[in-house]
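Subject: Handover of a structure with notes

Dear colleague,

Please find below the structure that I am passing on to you.

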Amino acid sequence: MAIIQIQDVSKKFQTKDGEIDALKHVTLDIEAGDIYGIIGMSGAGKSTLVRCINHIEVPTEGTVIVQDKDLSKLSEKELRKQREHIGMIFQHFNLLMQKSVLENVCFPLFIQGKSKVEAKKKAYELLDIVGLKDRAKAYPSQLSGGQKQRVAIARALASDPQILLCDEATSALDPQTTSSILALLKDINKRFGITIVVITHQMAVVREICNRVAIMKDGQVVENGSTVEIFNHPKSEVARDLLRKDDGGDTTGDDQQTANQIQDGTKIRIVFTENSAFEPVIANMILTFKEPINILKAATKNVGGVAKGEMILEIPSGSTNVKAMEQYLIDRGLELEELSETKTGGAF
Amino acid sequence: MWTEQVRSMIGTGILETLYMTVVSTVFGYLFGLPMGILLCITDKEGLKPNKVIYKILDVIANIVRSIPFLILLILLIPFTRLLLGKSYGSTATIVPLTAAAIPFIARMVESSLKEVDYGVIEAAKAMGASNSRIIFKVLLVEARTSLITGATIAIGTILGYSAMAGAVGGGGLGDIAVRYGYYRYQTDIMLVTVALLIVIVQVFQSVGMFVANRLDRRK
């Protein structure tokens with residue numbers, strides 16, 4: 001039984017300009033122990049979706065079942081109790097600015113009715129986990145972005161949640177800090193077995209920590225599955241788009257765009273898995289077919305700890321060997337996908 | 001002219017002014033703070049939106065605030081008499097002062113609370129905090145600096161109103177300024193009372209800002 005079951009969830013918002021469908025019939029299962037990525041461009045509905053998991057946003061239609069409890073059937077009080085099992089961290093940290101680091105971490109503990117002494121003891125333990133024990137007396141304004149997020153993580157873990165929701169948790173951080181926060185999340189997932197749901201618009205974040213991913217567009221999940229699977233065989237346009245924007249650097253965040261110098265010709269994206277990296281496939285193919293293959297982009301990316309080579313090749317227009325060359329690559333165990341003109345146009 | 005009598009009169013005036021201002025501010029907050037909190041949470045985007053309650057409080061606040069204080073003072077004479085048995089003197093002035101202060105303070109509180117970052121409220125919700133906990137442990141705490149600044153402004157305004165009450169026998173420094181400066185052409189006494197009012201406002205303002213800054217952890 002999945003720990004989070006999102007069944008046919010829709011959410012409509014009333015705005016001045018009429019009704020907006022933020023979510024349209026979304027169905028997702030998130031298994032216990034997963035680090036589940038939900039990725040999409042801004043406005044895709046991913047933040048709304050994650051808020052449905054703790055019912056901060058109540059779905060207009062559909063049901064959300066968390067730990068076998070249908071959230072819509074819970075009373076106000078039961079819902080608050082359930083929320084204690086679901087930690088959440090945010091893009092802008094959302095710490096109490098007038099309270100010290102220690103008091104911030106104590107906040108959820110007081111909600112649970114812990115005594116001051118108990119709460120403090122636990123808060124120090126949590127700050128130790130996130131590596132900020134020595135800053136307990138500091139105020140959030142005295143901390144860096146990464147430190148603030150660590151405090152937020154400590155605070156989210158205070159109620160011993162089984163689920164941690166991360167809403168663009170690294171989007172306001174620089175690349176190094178992002179990596180360290182992601183490493184911390186991965187560690188928390190391993191050590192405490194907490195299921196983590198990661199909302200992001202950066203493919204690099206998904207690659208680094210998520211074992212499964214759902215891709216959203218216009219309030220719908222267009223594709224979901226294991227991260228490796230989607231990296232190797234992106235089926236949807238959005239997935240390809242996101243993969244192309246991913247510049248291969250690890251969580252650098254900026255969408256480095258390569259100029260699209262050559263407009264015609266067939267473009268193909270190939271992915272090397274570990275065992276295909278030994279043979280000089282491209283060189284051999286050029287020798288075999290005597291065609292001037294153009295390498296438009298090549299990168300190595302870390303997908304869930306495994307190095308994957310990614311390359312975008314262009315076969316000159318007018319070539320009669322396109323199909324044969326594609327077959328040649330497939331025969332050598334490469335994952336391959338043809339990119340149409342419109343898809344490459346400007347996007348990567 | 002600086003007889004013992006005048007000096008003691010001015011001394012009493014200072015005390016009466018402080019008495020009226022402080023007591024009215026306290027009563028003003030006693031009612032204005034809850035009203036401000038209610039305005040904030042029943043608003044469309046608030047914690048517990050409630051159109052009816054919001055509208056009622058909103059209208060009350062607007063009506064009272066749009067009546068000039070001098071008129072309110074006169075309008076409330078029967079009510080003051082009913083409550084205290086007389087309608088002149090500094091204690092009686094506290095009634096209209098409080099009535100004027102409540103909606104003013106409520107609006108200040110409302111706007112201070114609305115300044116609190118929605119993200120922090122959302123985080124508290126996600127942690128399973130109840131609305132009352134959010135109000136007392138998040139909203140009022142995070143808005144602390146702004147609330148104190150608001151109180152400083154409120155106390156200055158109430159002090160100004162209390163001086164106005166002097167026109168209808170309200171007691172305090174304003175009363176002295178009107179009686180001696182206006183009716184008896186003793187400009188010097190008037191100037192002294194005005195100077196004293198300025199000093200009092202200045203002191204309240206400085207203390208308020210000092211406390212507000214002292215308690216602000218954002219810098």
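Predicted model: local features only at pLDDT ≥ 70, side-chain atom pairs only at ≥ 80, totals over all residues.

Residues are numbered from 1 along each chain as its sequence is written, while chains are lettered from A and ligands numbered from 1 in the order in which they are written.

In chain A, 6 strands form an open sheet of mixed pairing, in the order β6-β7-β8-β3-β9-β10. Strands (E, at least two residues) and helices (H or I, at least four) are DSSP runs numbered from the N terminus, and two strands pair if DSSP finds at least two bridges between them. β6 (86–89) and β10 (220–226) of chain A stand at the edges with a single partner strand each, so one side of each has no neighbour in the sheet. From one strand to the next, the twist averages 15°; axes are lines fitted to C-alpha atoms, for helices over the stretch in contact, and angles run from 0 to 180 degrees between N-to-C directions.

Strand β9(A) pairs with β3(A) in the parallel sense over 5 bridges, and A:Gly40 stands opposite A:Met216 in β9(A). By contrast, β9(A) and β10(A) run antiparallel and are joined by 6 bridges. The hairpin of these two strands has 2 residues between them, and A:Asp218 there takes a positive phi near 50°.

Is β9(A) mostly covered or mostly uncovered? It is mostly covered, as 6 of the 6 residues of β9(A) are buried (20 or more other C-beta atoms within 10 Å of a residue's own, with C-beta atoms placed from the backbone). A:Arg212, A:Ala214 and A:Met216 point one way from β9(A), and A:Val213, A:Ile215 and A:Lys217 the other way.

The domain assignment of chain A, which is automatic or taken from a database, gives domain 1 (2–246) and domain 2 (265–338). The C-alpha centres of domain 1 and domain 2 of chain A lie 37 Å apart. Their contact (C-beta atoms, placed from the backbone, within 7 Å) takes 8 residues from domain 1 of chain A and 7 residues from domain 2 of chain A.

Finally, an unreviewed UniProt entry annotates residues 14–208 of chain B as "domain: ABC transmembrane type-1". Over residues 14–208, chain B is 83% helix and 0% strand.

Yours sincerely

How values were computed:
UniProt positions renumbered as here; feature names shortened; annotations may be inferred. Contact = placed C-beta atoms within 7 Å. Buried ≥ 20, exposed ≤ 12 C-beta atoms within 10 Å, placed from the backbone.
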